[in-house]
Amino acid sequence: MNLTATPAEAVRTGLSAHELQRAILDNLLCLQGRFPRIATLHDWYMALAYSVRDRLLTRWESSWRAFERCEAKVPCYLSAEFLIGPQLGNSLVNLGILATAREALAALDQDLEALLVLEDEPGLGNGGLGRLAACYLDSLATLEVPAVGYGIRYEFGIFEQRFLEGAQVEVTDKWLQRGNPWEIMRTDVTPSVSFGGHTEPFTDTLGRYRVRWIPRSQVKGVAFDTPVPGYRVNTCNTLRLWKSEAVESFDFQEFNVGDYYRAVEGKVVSETITKVLYPNDEPEIGKRLRLAQQYFFVSCSLQDMLRILDFNRQPVTRLPEMYAVQLNDTHPSIAVAELMRLLVDERHLPWERAWDLTQRTLAYTNHTLLPEALETWGLPLFRDLLPRPLEIIYEINRRFLEEVRQRYPGDDARVARLSLIDEAGEKRVRMANLATVGSHAVNGVAALHSKLLRETVLHDFAQLWPERFFNITNGVTPRRFMVLSNPPLAQLLDETVGEGWVTDLTRLRALETRADDRAFRERWRHVKRTNKEVLARLIRLRTGMAVDPAALFDIQVKRIHEYKRQHLNALHIITLYNRLRKEPRLDVPPRCCIFGGKAAPGYFLAKLIIRLINGVADVVNNDPAIAGRLKVVFFPNFNVKYAQAIYPAADLSEQISTAGKEASGTGNMKFMLNGALTIGTLDGANVEIREEVGAENFFLFGLTAEQAERARREGYQPAHELERHPELQEAFGQIAAGAFSRGDREVFKPLIDNLRDSDPFLVLADYGDYVACQERINEAWQDVEHWTRMSILNTARCGKFSSDRAVREYCDHIWGARPVRIALDPV
């Protein structure tokens, strides 16, 4: 294999096919000690990944140089999850060298698509929260805003999902087993984090009251950086993830006396903190580990910001001018107490000055209206693990409640609701209250969610500080979820409206004029059919099941939870199945119902829902009487990589959560971008999607949030709903009789009893309207031209739901951050 010589710097930075080809061969040999004749596919993947990373790092260095020169304000996004997805394809897209890489690899007798499939997905998140964080990092870089994402480098990510007799089985996700070419270990960035012990008050040499924390143990955080490139710009930001390590990994004294376990015990215990994403927090030890994870990454991140201030010779009083720290839900809300500890105990600032800096630096995004999802921690656990932060929380609370009592004299009930400590039963620290009190801005993530947030869970705070509350509707990145995921559609859009839509989705409005063009609609259908064929092949590969791309692809992929109501979808499938059995000539189009998503390991009812869906699939798919008319697929181990094949192939997007329960949702947006029509309730961002696309292009059903609340208030009786719908009674009877559990009458009894006796998420209340709406969908699907027109208009009107728009709003209204144009520094 003869290649002409290439200048050394071009091997690291050049973007031509020849330069990239040379870089791949150099990295294959020099970094991996392999040569082409013996290299495996994974060796080639690693060589390509290192070559792409080289090009990112030149942009990363230039970005940081520019940020330092202009003293740019840096948004820091603190999140317990970053579901970043595979990095290779996304990096090639953002660098603009996807086709170049394909050409370079072809010259080396390698196939880019085969290498993309090999990449292990970083399992650093569970669902929408982590994926949103990743979208925002992509948009920040694309908008040329300097930013850092801070999180945890979980050694084992979200579990790999498998099924055994229809039940979910969790298998360890060893995403780091074969190495991660995208990260860079920073051995010089190692903050220490304390746990346990006790505190001691003392008076310093200046006569000031101080508190000293004497910890029971300390761990060391080690930074691992992943470059985050913007789309076709030189900006490259940073995702910094923290790994926990022992301060001293080996006790030589213990080793010398023969206690070999104790010699390494510190290392084992310390590294447990970042071992696994979201440990099961049902047992006490799981709760302790989860709180330790949250405090660990927050403390490391805040210490890192202060370290960088010191390095740049900036006084700590400039913290709010240099950093905007966004708390992504309640997981990082301990930042309020920890920043105060660092400023008061470590930097010796007066309390009032430290509190001013803390509030001006921090902002809080709330992602839930579910009371059980608003984190609280029992005081005994909190006191034992974090004694000094708890003392600071007490002092914050004392001062805050004094303010409340002055504002609302005699209103003890309000004081109790606003307190950072829940005094009822076991005393608990309310993390959402802490985040709200310690932040200068609080935002919801969809218009309805923000309204309900002000009216319900944070109502008292909104009355106290109305100026702090904002709405910023979520968004998703079109780079990953259109350009990378849906190349046929991206090409059609480029040809139709120009390439500018990739960074300005509002330009897709120009498609509206093409919706009535018969030839364009035919091309649109061809794109959708191509994507459905891709998904059909993937389903065959992953499940062994053959599905017909001509069928209506009806898809619900998201975390499995009762409020998301996958069991409502299953009840409709049973109803449709029964109808087809009774009326073989029934005029309904073929339908393929596709599910995907994971249930938390300790969430019993959610796991039963998965088992029910798989049980229904087992019966429906093996019934020759309806062969080809109805299929049910539960796609295993749904993640970002598989999502990239699923969203583009959808005809119908199931967004059927109970109104008033979903904060926003982002899967609904990804489906919309790719031309799927939505069946949904007026919940979360569905409300705004319907407003944008038009009511005539959205399949609406179900109670509104107000109607749902009224039903609960007036004593909702699910048994009455069951009596009203004979087909629902029939479905219940079949489930109870073991029709979908191979005769086992007990397995689904807890699920049936839950729906019949309490139905907390109003599944039965919405059943009739949902089934009727599905009948309207059957009719609409059979008018091919009209359906295609609606599909085009969904994509045309998706502009509002770009994460670029959302990030601009954060920059303008909360962070006060601005773009910094980057010119590449000479190598």
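What volume does the second largest pocket have? In this predicted model, the volume of that pocket is about 610 Å³. Its lining is made up of 26 residues, and those nearest the centre are Trp-64, Glu-68, Ile-308, Phe-311 and Asn-312. By residue class, the lining comprises 13 nonpolar, three polar and ten charged residues.

Several secondary-structure elements contribute to this lining. At least two residues each are supplied by helix H3 (41–70), helix H10 (284–311), strand S2 (148–152) and strand S10 (236–246). Helix H3 provides the largest share, with six residues.

Eleven of the eleven residues of S10 are buried, so the strand is largely enclosed by the rest of the structure; buried here denotes under 20% relative accessible area. The covering extends to both faces of S10.

Strand S10 pairs with S2 in the parallel sense, over five bridges, and Ile-152 stands opposite Trp-242 of S10. With strand S9 (residues 217–229), S10 pairs in the antiparallel sense over eleven bridges; here Pro-227 stands opposite Thr-238 of S10. Strands S9 and S10 form a hairpin in which six residues lie between them. Within the turn of this hairpin, Arg-232 has a positive phi of about 55 degrees.

Conventions:
Residues are numbered from 1 along each chain as its sequence is written. This is a predicted model: local features need pLDDT of at least 70, side-chain atom pairs count only at pLDDT 80 or more; totals for chains, interfaces and linings use all residues. Side-chain values use heavy atoms; hydrogens and water are left out. On a 1 Å grid over the protein atoms alone, a cavity is a set of points where a 1.4 Å probe fits but cannot get out, and a pocket is an open set with protein on both sides within 12 Å along at least five of seven lines; lining residues have an atom within 4 Å of a point. Grid points are joined across faces, edges and corners, and a volume is the space filled by probe spheres set on the points. Helices (H or I, at least four residues) and strands (E, at least two) are DSSP runs, numbered from the N terminus. Ala, Val, Leu, Ile, Met, Phe, Trp, Tyr, Cys and Pro count as nonpolar, Asp, Glu, Lys and Arg as charged, and the others, Gly among them, as polar. Buried means under 20% relative accessible area, exposed over 50%, partly exposed in between (1.4 Å probe, protein chains only). Two strands pair if DSSP finds at least two bridges between them.
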